[in-house]
Amino acid sequence: MNSKERILHWARPEIVALKPYQSARQEFVNDGREMILLDANENPFNSEVNRYPDPLQGKLKKRLAEAKGLESDQIYLGNGSDEVLNQLMIAFCQPAKDKALLLPPTFGMYQVCADINGVETIAVPLTKDFQLDVAGILKAQDKHTKMIFIPSPNNPTGNCFDRTDIIAILEGFNGLVVLDEAYVEFAAEFSCIDLLTQYDNLLVVQTFSKAQGMAGVRLGMCFAHPEIIALMNKVKAPYNLNVLTQEAVLRRLEEQGLVQQQVQQILTEKQRLIDELASISFIKTIYPSHANFFLAKVDNSSKRYSELIERGIVVRNPSKNHNCANTLRVTVGTVEENNALISALRTMDI
Ligand SMILES: Cc1ncc(COP(=O)(O)O)c(C=O)c1O
């Protein structure tokens, strides 16, 4: 089978056969001339947002393609990665038949997405030191396992996975490997985006919500083989990305120097926080982190969580996750916020 045949074989037959909605802005593609637009029942009075957005986000994809070293047809853009993940399941997983592999402790949205779409999940826990159990993963697949979700850096543990393990999964897994690189700017050397040229079953998901500082704008990106992107485009809402988001992201792409500075500052602050917290006796372990947060094992996570809330500081308590009993997940803040956290922890009873 060639790549196209393999990908169509993984896709839901209904989606392969689907005739997608043809929006006004797709039916007539402007060649740059000034046109009178009487085709989409819009309000004609200019307010900056009175026109529908470009349904396939051509200008933004062109800029992102340059920035990522890809072609525009390898890019799907969604309303946050959350929407991207959901579209993926819709396009590839047949409800009540297909399955997805999850690797707990992992990002909670994969399970929710699977539940919404009627997709059974199979859990293959990470090893004790939060690494991939490659043999276990490859053994757990069957002919209905359509995708596996691998967040690297992982949430909530913060660590990246070995590239050799990811390659072993790409080669041995007969389905889509969704590598969620939401935090990759904090560990750029771990990115596997370059593997897209070799593996037609790899999807790399990134976001503007974390290092890019635009969680409120909602932009998630999926980079993959053009056949995968074409299937995702088929199932998306016609105008899923609004005008304001597209413009804000284009502006942000011109400010990557500032983003780099912020990333460096966050990484420096993360190390300072880790060093300071190491001397607090009820903090037992701080796990290795390649992200803008870290996971810490404490004596009693519910108690410490509540004590921090009393002092006006909110962290996350992911203790219900597999192998995460008595842990807290801490996002790195500004210098002042981190100082407040250190002081608050120092005032707590041992
Ligand atoms: C691993 C991972 N993927 C995706 C997301 C969600 O990203 P977005 O804001 O683009 O929906 C998060 C958010 O916490 C995350 O931790």
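How many residues surround the ligand, and which are the closest? The shell holds 13 residues, and Ser81, Asp180, Tyr183, Thr207 and Ser209 are the closest; a residue belongs here if one of its heavy atoms lies within 4 Å of the molecule.

Before going further, a word on what you are looking at. This is a predicted model, in which local features need pLDDT of at least 70 and side-chain atom pairs count only at pLDDT 80 or more, while totals for chains, interfaces and linings use all residues. Residues are numbered from 1 along each chain as its sequence is written, and side-chain values use heavy atoms, with hydrogens and water left out.

Back to the ligand. Its shell divides into four nonpolar, five polar and four charged residues; Tyr counts as nonpolar in this scheme, Asp and Arg as charged, and Gly as polar. Some side chains make polar contacts, meaning pairs of N or O atoms within 3.5 Å. An N or O atom in the side chain of Asn155 sits 2.7 Å from a ligand oxygen, and a polar side-chain atom of Tyr183 is 2.7 Å from an oxygen atom of the ligand. For the side chain of Arg218, the separation between an N or O atom and a ligand oxygen is 2.8 Å. Of the 400 Å² of accessible area that the ligand has on its own, the protein covers 91% (Shrake-Rupley method, 1.4 Å probe).

Now turn to Ile266, found in helix α11, residues 256-277 (helices are DSSP runs of H or I, at least four residues). Leaving aside neighbours within four places in sequence, Ile266 is in contact with Phe186, Asn292 and Val332, where contact means heavy atoms within 4.5 Å.

Terms used:
A polar contact is a pair of N or O atoms within 3.5 Å; within protein, one must be able to donate a hydrogen and the other to accept it, and residues adjacent in sequence count only if both atoms are side-chain atoms. Helices (H or I, at least four residues) and strands (E, at least two) are DSSP runs, numbered from the N terminus.
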